[in-house]
Amino acid sequence: MKLGIIGGTGWLGGAIAKRLLGTGHVAQGDLWLSNRSGKREGFEAWPDVMITDDSAALITACDVVVLAVRPEQLAALGVDASTRLVISVMASTSMARLAELTGASRIIRTMPSPATEHGEGFTPWFASDDVTDDDRATVQDLFDACGIAEEVASEAQIDWFTGLTGPAPGLFGYAAHALIEASVAHGIDRKVAERAIRFHAMAAGNEIWRSDHSPAQDFARIIDYGGVTTAGFQAATDTGAMEAFSAALDAALEVAKKDRT
Ligand SMILES: NC(=O)c1ccc[n+]([C@@H]2O[C@H](COP(=O)([O-])OP(=O)(O)OC[C@H]3O[C@@H](n4cnc5c(N)ncnc54)[C@H](OP(=O)(O)O)[C@@H]3O)[C@@H](O)[C@H]2O)c1
């Protein structure tokens, strides 16, 4: 299979390409990347990857085409991908709009994060009616190689995940920022607070991932425990932290739902 990524040297397209190349999941000779500048910056280590400013040539050469340009750049692309499986990683770009602008009917919308570069991207995907079983296997395989891929129940859920897991570190980064600022306000040296929270975020992430308990079970357990953390969780709850996270995701959803092409 030949894979082409339009916008493949950008932040997200490049992260996907580097992961697939770095793991050997896609051979150099089977990967095409396009951009307007023709620059191969960041891909010097893979001289056999085809980098072109001609996205139409990429589509002709490749069986699967990933769209990784910014939403507002899509209309100017002006390509016909009607005979190809088109996988979009784009926010704020509906399946209907993708079909209109590329002519494709086999379309899969996904929402990876730049953490794909390290094999840590969670990628939800949703397929159009014309997508075949082989196409489904292809998208699952590509994004499992970048972390975890998971089919979701509707296109609308891709918009929700755009704010939830599309950015890395996203809202977890915001929580880290809040913890650091509270510590600095308490007199902890900024460098120490930042080092502590960066390291602790890694430990916390690993703990959440490998735990047998869900975060909801852990929360209930801490509330029952009646200790130091209990007081912290209680105060966070009483002051509306749960609602604040919910409001943040609702606000992100409103932007994700809007067409920006
Ligand atoms: N970055 C994230 O965290 C993230 C997360 C989830 C989803 N996304 C989605 O991923 C997409 C790309 O975002 P990004 O952050 O990676 O943007 P980016 O870094 O600006 O990358 C966009 C790439 O597209 C290329 N490009 C623009 N117009 C083109 C055209 N007509 N033909 C070929 N290549 C073209 C640009 O290269 P030239 O300037 O050389 O043409 C650039 O390399 C967006 O739709 C975004 O919603 C991003």
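Reader: What share of the contacts in the protein with a separation of 6 or more comes from residues 24 or more positions apart?

Author: In this predicted model, residues 24 or more positions apart supply 56% of those contacts. The chain has 261 residues, of which 33% are buried.

Reader: How many helices and strands are there, and what box do the C-alpha atoms fill?

Author: There are 11 helices and 8 strands. Along the principal axes, the C-alpha atoms occupy a box of roughly 65 × 40 × 35 Å.

Reader: How are two packed helices described?

Author: One states the angle between their axes and the distance between those axes. For helix H7 (residues 170-185) and helix H8 (residues 190-210), the axes cross at roughly 145° and come within 9 Å. This crossing of H7 and H8 is right-handed.

Reader: Which residues meet where H7 and H8 are in contact?

Author: Phe172, Ala176, Leu179, Ile180, Ser183 and Val184 of H7 meet Arg190, Ala193, Glu194, Ile197 and Ala201 of H8. By class, this contact comprises 8 nonpolar, 1 polar and 2 charged residues.

Reader: At what angle do H9 and H10 pack, and is their crossing left-handed or right-handed?

Author: Helix H9 (residues 215-225) packs with helix H10 (residues 228-238) at about 115°, their axes being 7 Å apart. The crossing of H9 and H10 is left-handed. Here Phe219, Ile222, Ile223 and Tyr225 from H9 meet Thr229, Thr230 and Phe233 from H10. The contact of H9 with H10 has 5 nonpolar and 2 polar residues, with no charged residues.

Technical notes. Residues numbered from 1 in each chain as written. Predicted model: local features only at pLDDT ≥ 70, side-chain atom pairs only at ≥ 80, totals over all residues. Axes fitted to C-alpha atoms, helices over the stretch in contact; angles between N-to-C directions. Helix = DSSP H or I, 4+ residues; strand = E, 2+ residues; numbered from the N terminus. Left-handed = near helix turned anticlockwise from the far one by under 90°. Contact = placed C-beta atoms within 7 Å. Nonpolar A, V, L, I, M, F, W, Y, C, P; charged D, E, K, R; others polar. Buried ≥ 20, exposed ≤ 12 C-beta atoms within 10 Å, placed from the backbone.
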